[in-house]
Amino acid sequence: MSADGVIDVLQAGRCDLVMDGGRYGFTHLGVPVGGAADAQALRRANRLVGNADTAAGLEIVLNGPVLSFPQGGWIALTGARFGLSRSSGDGVEWDKALLMARNEQLIVGAARSGCRCWLAVRGGLVVPDVMASRSTFLPASFGGMQGRPLRAGDRLTVGAQSGAPMLCAQPPVRDESLPFRVIPGPQAADFTDTGLAAFFSVPYRVDAASDRRGVRLSGAPVAAMARGSLPSQAVLPGAIQIPPDGQPIILGWDGPVSGGYPVIAGLISADLPRLAQLKPGDTVRFATVTLDVARGLAREAMDGY
C-alpha cells in the first residue's frame, strides 16, 4: 500500500479507537500512559503485517465497524473473536496476515467472546502525534481521530509499507476461568476481616458503567476500618480501589494517575490483558500471589515479545 493509502469507515462500531502502545512520560501532568488495552495483542497484530511495534492500529469494542480498503492491503486481527466477513466472500482468520483486495470491505460484527479485538494494517494508521503518541485519550478528547471514536464517513490514512508480513502467529493461551491474581495493596491492612473475606471469596459482576477509565464491580461490599481521610497517592492500571460504598473499582488504562480511595490490591501485570476482555455481566474473582510469583508470571507473559 502506498504512503497515501486510506481506509474508509462505512459504518462505525460501538467504540473504535485509534491506539498505539501509549504515551509515556506525562503522568506528572495527569496524563496516563493509556494506549491499547492489551498492548501485546496490538504488538502481535503489527508484527503479523510487518509493522514496527509502535505502529497505530484500531481497538474495537463489543461491536465492530464496516471498513473499505480502496487500495487493498495487508491486515491482521488479534484479541477476542468477533463475527467477521469480507465483501469478497473470502474467509477471515485470526492471528494471521490477510490480504484485502482493492475496494474490498471488512465487516466486523459482534464479539462472540470477550470484549476487544485489535486490527493492524500494513503501514500503520497515520494520525497526528499528541504527546509522543497516536493513541486516543477519550477523557480529554485528544489523540487518535480528533480525540473520539470513529464515525461513519471518516477516512483513515495508512502509512508507507515497511517489513514483510509474518503470515501467522500463535496467540497466548489464557485460562479465563482462573481468578484474577493480585498482590496486596498499600491499604490492604485497613480493611476488616469481613471485608477481606468478601473481597476474596465472593464473586463480583462487571457493571455496565465500566469503561477504559475503570472496571466497576458490584457484589458484597468490602468493609474498611474507620479511618480519617486518605491523602492522594499514585495509582496505575490494575489498582483496585474501594470507594465509600464498598464496591471495588479496577482502574483502567485511561484512569487517573492519582487517587484518594484506599487500594486493597493490584492486578499482576500478566493478568492485565484479561482485564481488557471483561464485559458487563462477567464474573470476577480474586486470589493473592506473592511478588516473586507475579514477577515470574510477567516474564513468562513477555516471552516472544
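This is a predicted model: local features need pLDDT of at least 70, side-chain atom pairs count only at pLDDT 80 or more; totals for chains, interfaces and linings use all residues.

Guide: Residues are numbered from 1 along each chain as its sequence is written, and side-chain values use heavy atoms, with hydrogens and water left out.

Visitor: How many helices and strands does the protein have?

Guide: Helices (H or I, at least four residues) and strands (E, at least two) are DSSP runs, numbered from the N terminus. On that basis, the protein has 21 strands and 4 helices.

Visitor: What radius of gyration does the protein have?

Guide: The C-alpha trace spans about 65 × 35 × 35 Å along the principal axes. The radius of gyration is taken over C-alpha atoms, and the globule rule is 2.2 Å times the number of residues to the power 0.38. For 305 residues a compact globule would come near 19 Å, and this agrees with the value for the protein, 20 Å.

Visitor: Among contacts between residues at least 6 apart in sequence, what percentage joins residues at least 24 apart?

Guide: Contact means heavy atoms within 4.5 Å. Among the contacts between residues at least 6 apart in sequence, the part that joins residues at least 24 apart is 76%.

Visitor: What relative accessibility does Asn-46 have?

Guide: Asn-46 is in helix α1. Leaving aside neighbours within four places in sequence, Asn-46 is in contact with Asn-51, Ala-52, Asp-53, Ala-55 and Ala-120. Asn-46 counts as buried because its relative accessibility is 0%.

Visitor: How far apart in space are Leu-42 and Gly-163, C-alpha to C-alpha?

Guide: Leu-42 lies in helix α1 and counts as buried, at 3% relative accessibility. Its contacts, neighbours within four places in sequence aside, include Met-19, Thr-78 and Trp-118. Leu-42 and Gly-163 are 121 residues apart in sequence, and their distance in space is 16 Å.

Visitor: Within what arc do the buried residues of α4 fall?

Guide: The buried residues of α4 (residues 291–301) are Ala-294, Gly-296 and Leu-297. The arc is that of the directions from the helix axis to the C-beta atoms. The buried residues of α4 line one face of the helix because they fall within an arc of 165°.

Visitor: Which exposed residues does the opposite face of α4 carry, turned away from its buried side?

Guide: The cover of the buried residues of α4 includes β12 (180–184). The face turned away from the buried side carries Asp-292 and Arg-299.

Visitor: What arc do the buried residues of α2 cover?

Guide: In α2 (residues 193–201), Gly-195, Ala-198 and Phe-199 are buried. They lie on the same side of α2, because the arc that they cover around the axis is only 95°.

Visitor: What is the volume of the second largest pocket?

Guide: On a 1 Å grid over the protein atoms alone, a pocket is an open set of points where a 1.4 Å probe fits, with protein on both sides within 12 Å along at least five of seven lines; lining residues have an atom within 4 Å of a point. Grid points are joined across faces, edges and corners, and a volume is the space filled by probe spheres set on the points. For the second largest pocket, the volume is about 500 Å³.

Visitor: Which lining residues are the closest to the centre of that pocket?

Guide: The second largest pocket is lined by 24 residues, and the elements giving two or more of them are α1 (39–48) and β20 (283–284). The closest to the centre are Gly-114, Arg-174, Glu-176, Arg-274 and Gln-277.

Visitor: Is Gln-146 buried or exposed?

Guide: Gln-146 has a positive phi of about 55° although it is not a glycine. Its place is in the loop between β10 (125–126) and β11 (155–158). With a relative accessible area of 61%, Gln-146 is exposed.

Conventions. Buried means under 20% relative accessible area, exposed over 50%, partly exposed in between (1.4 Å probe, protein chains only).
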